[in-house]
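Visitor: I have a chain here that I'd like to go through with you. Where would you start?

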Amino acid sequence: MLAFLEDLSVLQITNLVVSSLSFLGSLYIFCRMSRAVFNNASHKIIYFIAMADFFFSISNLITVISRKDQLACTVEGAMRQFSIISSMFWTICLAIISYKSVRMEHTFNPKIFLTKALLVGILLAAILAIL
């Protein structure tokens, strides 16, 4: 293990530490929210943002650990593209749902919005990552 760390630069070790912390933070959110009831749409969106961050941290760990493998590079690139785009869409959805729940308290239906957000946050991000 120490021989592995000796080959890495300071930036790669920093990336490894920060990605590990992000990975653990995402796991913590998964464990806490998996037992909880998703009683509103904001909790579901936060869960999906944590999932996108989880995939991004895994892609960073793959980058540091397997630097010369072509298959690992391809998988890492696809995961990174998907997670960045997905996180962006989920953050936009969270901003919209927060705005609409404050401004249009009586006319806003979060279930319909969440269905549309799932299509945008997962499907469109996957399509853009594939392209």
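Guide: I would start with I13, which is partly exposed at a relative accessible area of 31%, where buried means under 20%, exposed over 50% and partly exposed in between, computed with a 1.4 Å probe on protein chains only. The model is a predicted one, in which local features need pLDDT of at least 70 and side-chain atom pairs count only at pLDDT 80 or more, whereas totals for chains, interfaces and linings use all residues. Residues are numbered from 1 along each chain as its sequence is written, and side-chain values use heavy atoms, with hydrogens and water left out.

Visitor: OK, and where does I13 sit?

Guide: I13 is in helix α2, helices being DSSP runs of H or I of at least four residues and strands runs of E of at least two, both numbered from the N terminus. In space, the C-alpha atom of I13 is 8.1 Å from that of V64, although the two are 51 residues apart in sequence.

Visitor: How many helices and strands are there in the protein?

Guide: The protein has five helices and zero strands, and from the N terminus on its elements run α-α-α-α-α. Of its 131 residues, 26% count as buried. Among contacts (heavy atoms within 4.5 Å) with a separation of 6 or more, 71% are between residues 24 or more positions apart.

Visitor: Let's do the packing. How do α4 and α5 cross?

Guide: The axes of α4 (residues 70–103) and α5 (residues 110–130) come within 8 Å and cross at roughly 155°; axes are lines fitted to C-alpha atoms, for helices over the stretch in contact, and angles run from 0 to 180 degrees between N-to-C directions. The two helices are therefore roughly antiparallel to each other, given that angles over 145 degrees count as roughly antiparallel, under 35 as roughly parallel, 65 to 115 as roughly perpendicular and the rest as oblique. The crossing of α4 past α5 is right-handed, which is to say that the near helix is turned clockwise from the far one by less than a right angle, anticlockwise being left-handed.

Visitor: Which residues in α4 and α5 meet there?

Guide: From α4 they include F82, F89, W90 and C93, and from α5 they include P110, F113, A117 and L118. By class, the residues of this contact are 19 nonpolar, three polar and no charged, with Ala, Val, Leu, Ile, Met, Phe, Trp, Tyr, Cys and Pro taken as nonpolar, Asp, Glu, Lys and Arg as charged, and the others, Gly among them, as polar.

Visitor: And α3 with α4, at what angle do they pack?

Guide: Helix α3 (residues 41–65) packs on α4 at about 155°, with the axes 8 Å apart, and that makes α3 roughly antiparallel to α4. The crossing of α3 past α4 is left-handed, and the residues of this contact divide into 18 nonpolar, eight polar and two charged.

Visitor: What about α3 with α5?

Guide: Those two pack at an angle of about 15°, their axes 10 Å apart, which makes α3 roughly parallel to α5. Here A41, K44, I45 and F48 of α3 meet P110, F113, L114 and L118 of α5, giving seven nonpolar, no polar and one charged residues.

Visitor: Switching topic, which residues have the most contacts inside the largest nonpolar core?

Guide: They are I45, W90, C93 and F113, in a core of 14 residues, a nonpolar core being a set of buried Ala, Val, Leu, Ile, Met, Phe, Trp, Tyr and Cys residues joined through side-chain atoms within 4.5 Å. The elements giving two or more residues to this core are α2 (10–35), α3, α4 and α5, and α3 gives the largest share, six residues. Leaving aside residues up to four places away in sequence, I45 touches W90, C93, L94, I97, F113 and L114.

Visitor: Is C93 buried or exposed?

Guide: C93, in helix α4, is buried at a relative accessible area of 6%. Apart from residues up to four places away in sequence, C93 touches I45, F113 and A117.

Visitor: And S83, what does that touch?

Guide: Beyond residues up to four places away in sequence, S83 touches A52, F55 and F56. S83 is also in helix α4, and at 1% relative accessibility it counts as buried.
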